[in-house]
Amino acid sequence: SGDATDVFGECDGTVAPEEPEEPSIPASPTPTDAADSVLSLFSDAYTDQEGTDFNPNWGQSTQVAVTDVITYTGLNYQGTGYASSDVSGYEYFHVDFYTSDATALDMFVIKEGQGAEVAYSLTDQIVLDQWVSVNIPLTAYADVVDLTAVNQLKVVGNGTVLLDNLYFGGVAEASLPSSVTFSVDMTGQDLGGEVPTVQGTFNGW
């Protein structure tokens, strides 16, 4: 045909079909949290915690590649180990993920040795061929996991999944006491035989 892109066979002059191009993956989102407000495990936008192991041997079949993103191929489950950290003062765990074929995805924040885990499902948030940004509320783990000393992540799912911008961020709301005990000193008060009644308000109650 005369096109510069045609490739001719050496013997018969036929035109060989062009190799299909690999689908391009867009760049991951740039996080907007202030650098001094996060604890980062993996992100080009922040200074990451040192010594993180992105492929500990947990007997998984997942293949792991770490470049400017983390790629899980043939995901069944995959762990990440990092220095023990108190994240109880943070509001959420942030993750950006991308997949073209996964149909299930769960994220765990773990304290090693505690013997208790809870999954946070990202399955309903999967959008194929698009980066998805999620702030997982740490309250989803707080009833089961000791957030004052977490040191592992675990991802469970299938397909090929890319991850970026793994960090703890936000500020946890201070918890309010569920009960309040107080006393009223009535010493020296003449009640005339009446039973005293105490009235008041507490945070609008």
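These legends describe close-up views of a predicted model.

View 1. The protein chain has one helix and 12 strands. Along the sequence the pattern is β-β-β-β-β-β-β-β-β-β-α-β-β. The chain has 205 residues, and 33% of them count as buried. The accessible surface comes to about 12700 Å². Carbon and sulfur atoms account for 49% of that surface. Take the contacts between residues at least 6 apart in sequence: 73% of these join residues at least 24 apart.

**View 2. Y82 and F168, a tilted ring pair.** The whole structure holds six aromatic pairs. In the pair shown here, the ring centres of Y82 and F168 are 6.4 Å apart. The ring planes of Y82 and F168 meet at 55°, so the pair counts as tilted. An edge-to-face pair would need planes over 60 degrees apart. Y82 sits in strand 6, residues 77–85. F168 sits in strand 12, residues 161–169.

**View 3. The aromatic cluster around Y82 and F168.** Four residues make up this cluster: Y82, Y90, F93 and F168. Ring pairs link them.

**View 4. A lysine charge over a phenylalanine ring.** The residues in this view are K154 and F108. The charged end of K154 sits over the F108 ring. Its distance from the ring centre is 4.5 Å.

View 5. T80 belongs to strand 6. Its relative accessibility is 3%. The limit for a buried residue is under 20%, so T80 counts as buried. Neighbours within four places in sequence are left aside in this view. The remaining contacts of T80 include the run T52, D53 and F54. P56, W58 and Y72 also touch T80. N151, Q152 and L153 complete the list.

**View 6. The pairing of strand 8 with strand 9.** Strand 8 covers residues 105–110. Strand 8 and strand 9 pair in the antiparallel sense, over two bridges. Which residue stands opposite S121 of strand 9? The residue is D106.

**View 7. D129, a loop residue with a positive phi.** D129 is not a glycine, yet its phi is positive, at about 60°. Where does D129 lie? The loop between strand 9 and strand 10 (132–137) holds D129. D129 has a relative accessible area of 47%. Exposed would require over 50%, so D129 counts as partly exposed.

**View 8. N165, a strand residue with a positive phi.** N165 is not a glycine either, and its phi is positive, at about 55°. N165 is found in strand 12. Is N165 buried or exposed? N165 has a relative accessible area of 2% and is buried.

Terms used
Residues are numbered from 1 along each chain as its sequence is written. This is a predicted model: local features need pLDDT of at least 70, side-chain atom pairs count only at pLDDT 80 or more; totals for chains, interfaces and linings use all residues. Side-chain values use heavy atoms; hydrogens and water are left out. Rings of Phe, Tyr and Trp (its six-membered ring) pair if their centres lie within 6.5 Å; planes under 30 degrees apart count as stacked, over 60 as edge-to-face and the rest as tilted. Helices (H or I, at least four residues) and strands (E, at least two) are DSSP runs, numbered from the N terminus. A charge sits over a ring if NZ of Lys or CZ of Arg is within 6 Å of the ring centre and within 35 degrees of the ring normal. Buried means under 20% relative accessible area, exposed over 50%, partly exposed in between (1.4 Å probe, protein chains only). Contact means heavy atoms within 4.5 Å. Accessible areas come from the Shrake-Rupley method with a 1.4 Å probe; for residues, only the protein chains shown count as cover. Two strands pair if DSSP finds at least two bridges between them.
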